[in-house]
Amino acid sequence: MCALDGVTLTVRRGEWVAIVGPSGSGKSSLLNLMGALDVPTSGTVRIDGYDVAGRDDDELSALRGHTLGFVFQSFHLLSRLSAVDNVAAALLYRGIGAARRRERAAEALRRVGLGTRLRHRPAQLSGGECQRVAIARAIVGEPALVLADEPTGNLDSRTGAEIMSLFAALHADGVTLVLITHDDAVARAAERRIVLRDGRVTSPPDASPKPGR
Amino acid sequence: MSTLDAGTGSDENGGSAGRREWERSVLDPRDAVRLGVLGLLGRRGRALLTAIGIAIGIAALVAIVGISASSRANVLAVLDRLGTNYLTVTPGQALAGGPAELPADARRRLAHLDAVQAVATTGQLDVTLRRSDQLPRTITRGTVVLAADPGLLTTLHGTVAAGHWLDATPGSYPTVVLGATAARRQGVDLALGPQMVWLGDQWFAAVGVLAPMPLAPELDNAAMIGVGVAADRFGYQGSPSTIYLRADPSNIDAVRVVAAATADPRHPAQVQVTRPADALAARAATNTAFTTLLLGLGGVALLVGGVGIANVMVISVLERRGEIGVRRALGATRRHIRAQFLVEALVQAGAGGVAGVAAGGCLTVGYAVAMDWPVRLPLLGLGGGILAALVVGALAGIYPAARAARLAPAEAVRAG
């Protein structure tokens with residue numbers, strides 16, 4: 001079985017790309033490849049300019065930790081940690097000291113508008129707030145690329161819209177974003193859309209890169 | 001065939017295929033410990049129960065080691081108090097066969113040795129002691145009748161539990177002193193008033209009961225009468241069946257060498273010289289066989305505790321696939337995940353070990369105090385207890401930690 005075939009995609013620094021497609025279209029496989037969670041059986045994946053082929057677990061893990069940020073549909077927060085500790089966990093494997101981790105985590109939480117909720121646990125936060133914590137966790141390490149997998153999938157439409165405007169604000173700040181969704185309306189917020197179907201790109205990637213970067 | 005190029009510099013357009021030395025993922029040991037402790041604090045009840053399993057095993061081990069050490073210390077303390085400078089001289093086998101006899105003047109000769117501080121003899125009499133003349137001849141309850149020197153009690157540093165010793169009454173009166181066991185078996189209790197016993201078909205007044213004599217346990221079972229009475233009434237010739245002698249501690253070995261030849265210069269080979277302290281010390285040593293068995297049982301309890309940890313952690317790994325996935329996405333390597341779960345196993349086992357060592361220590365102290373023994377808590381046992389707990393925890397954690405580390409990040413992220 002081939003989950004993805006003949007997909008050629010380049011995401012440039014500072015871009016906001018939405019990958020849209022129905023379930024089974026290969027979105028998840030694409031996310032796993034872009035997130036260095038998986039390696040392709042054939043083909044080339046370059047993240048931040050560097051080929052993942054032949055990298056061992058240590059190198060792939062380091063790549064994820066240093067150059068990627070993840071936002072998941074179901075947030076994946078650690079329920080026993082406070083918001084600030086959840087965000088700080090993203091810096092744990094970078095060898096940054098505990099005090100500095102917390103400082104940067106608090107900074108990131110302020111950036112997503114949760115400066116007053118630092119000590120709250122996920123159970124004490126609303127869904128939208130939880131997703132903001134997850135976004136703060138994804139951006140705290142200033143990664144080359146943030147991957148968001150159905151980030152509004154578990155939220156009502158109003159909260160979802162708030163999260164999308166947060167993404168827009170981060171994009172305006174220069175964060176490189178790839179948004180994966182089945183919802184075309186959500187995908188429209190991005191400056192560039194890739195439509196996936198049955199493991200292939202059905203609409204050609206936008207040929208004209210935006211100028212002025 | 002797919003080509004992805006994400007987050008590339010805008011002007012390069014995928015031109016750079018060069019390999020770089022990525023910064024490595026690291027996990028500070030302090031952070032690893034913190035992770036493990038935090039992971040357990042979130043599951044306090046479960047962690048407590050598994051730690052108790054380990055604690056029971058360790059407590060058993062520590063208590064066994066501590067109690068047997070205290071018991072040994074007690075034996076040594078008793079020996080110390082009684083002195084180890086005693087020798088017992090008894091007749092051995094005659095060369096011609098049959099029992100040998102010690103010459104009647106053996107006592108006098110032994111007393112002449114410089115290093116000998118005190119000598120006393122007992123001579124076994126061929127008479128029986130019964131509680132009353134109405135009892136059949138065979139109901140002696142194992143009591144042996146001895147003719148004892150007046151100096152016997154002071155030579156052995158023995159004490160009288162009730163009444164007084166033989167030297168308090170003139171030599172010709174029919175009085176008897178019973179050993180501790182003999183008095184109990186015969187039902188002689190001086191607290192109930194004067195008592196008579198039927199000894200060699202005559203009434204004897206029981207005037208004293210001795211305290212137990214650990215270095216001469218054969219006296220516990222004896223009824224002792226004066227040498228004069230024995231000679232008058234039962235024809236005792238003065239040939240001793242046992243000679244007890246106390247010597248200068250620094251010369252005890254020299255005395256031991258010459259004792260046989262001094263006691264019977266003509267037949268030294270027919271004389272047996274023993275040191276009662278050796279027998280006691282040997283008995284203390286034989287306790288270790290039993291201790292080994294108990295230690296084995298404690299080890300089994302510890303093993304069961306370890307299996308409990310492994311069991312609970314395998315379940316924990318299944319429940320926490322989401323967390324494992326997130327940590328992998330955040331940059332944790334397989335080693336970091338393994339370390340996190342190993343630390344959890346070690347912390348549980350270590351906490352159990354500390355609690356077990358404390359409980360085992362309390363058990364030892366309580367038992368030793370109740371038995372009036374000196375308290376001995378071998379540091380090796382305490383440290384060994386914690387070390388054993390950690391080893392069991394590490395072994396128990398290996399399999400669950402390996403399972404956690406093996407989870408593919410893409411799958412783990414999808415779970416939870």
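Domain bounds, as I use them here, come from an automatic or database domain assignment. By that assignment, chain B is divided into domain 1, residues 29-78 together with 282-414, and domain 2, residues 85-276. What I present is a predicted model, in which local features need pLDDT of at least 70 and side-chain atom pairs count only at pLDDT 80 or more, while totals for chains, interfaces and linings use all residues. Residues are numbered from 1 along each chain as its sequence is written, and chains are lettered from A and ligands numbered from 1 in the order in which they are written.

Let me stay with chain B. The centres of its domain 1 and domain 2, taken over C-alpha atoms, are separated by 56 Å. The C-alpha trace spans about 130 × 45 × 35 Å along the principal axes of chain B. Chain B has a radius of gyration of 37 Å, whereas a compact globule of 416 residues would have one near 22 Å; the radius is taken over C-alpha atoms, and the globule rule is 2.2 Å times the number of residues to the power 0.38.

Chain B holds 13 helices and 12 strands. These are DSSP runs numbered from the N terminus, helices being H or I of at least four residues and strands E of at least two. Of its 416 residues, 42% count as buried. A buried residue has 20 or more other C-beta atoms within 10 Å of its own, an exposed one 12 or fewer, and a partly exposed one lies in between, with C-beta atoms placed from the backbone. Among contacts in chain B between residues at least 6 apart in sequence, 84% join residues at least 24 apart; a contact requires C-beta atoms, placed from the backbone, within 7 Å.

Which strands pair with β2 of chain B? Strand β2(B), residues 86-91, pairs with β11(B), residues 242-247, in the antiparallel sense over four bridges, and L87(B) stands opposite L245(B) there. β2(B) also pairs with β12(B), residues 271-274, again antiparallel and over four bridges, with V271(B) as the bridge partner of P91(B). Two strands count as paired if DSSP finds at least two bridges between them.

One loop of chain B deserves a remark. R141(B) has a positive phi of about 55° although it is not a glycine. R141(B) lies between β4 (129-130) and β5 (144-148) of chain B, and R141(B) counts as partly exposed because it has 16 other C-beta atoms within 10 Å.

I turn to chain A. Six of its strands form an open, mixed sheet in the order β5-β6-β7-β2-β8-β9. β5 and β9 (200-201) of chain A stand at the edges with a single partner strand each, so one side of each has no neighbour in the sheet. Within this sheet, β2(A), residues 16-20, and β7(A), residues 177-181, run parallel and are joined by five bridges; A18(A) has L179(A) as its bridge partner.

Chain A has its own residue with a positive phi, E142(A), at about 45°, although it is not a glycine. E142(A) sits in the loop between α5 (127-139) and β6 of chain A, and E142(A) counts as partly exposed because it has 13 C-beta neighbours inside 10 Å.

How do the two chains meet? 52 residues of chain A are in contact with 41 residues of chain B. Of the elements of chain A, α2(A) gives the most to the side that touches chain B, with nine residues. That side divides into 23 nonpolar, 15 polar and 14 charged residues. Here Ala, Val, Leu, Ile, Met, Phe, Trp, Tyr, Cys and Pro are nonpolar, Asp, Glu, Lys and Arg are charged, and the others, Gly among them, are polar.

Helix α2(A), residues 57-67, has several buried residues, among them L60(A), L63(A) and R64(A). The buried residues of α2(A) pack against β3 (43-47), β5 (68-71) and β6 (145-149) of chain A together with α10 (321-329) of chain B. E59(A) is also in this helix, but E59(A) counts as partly exposed because it has 19 other C-beta atoms within 10 Å.

Finally, the nonpolar cores: each is a set of buried Ala, Val, Leu, Ile, Met, Phe, Trp, Tyr and Cys residues joined through C-beta atoms within 7 Å. In the largest, of 122 residues, V87(A), A136(A), V178(A) and I58(B) touch the most other members. Helix α2 of chain B, residues 44-82, supplies the largest share of this core, 15 residues. A second, separate core of 57 residues includes L102(B), A223(B), A230(B) and I252(B).

Terms used:
Two residues are in contact if their C-beta atoms, placed from the backbone, lie within 7 Å.
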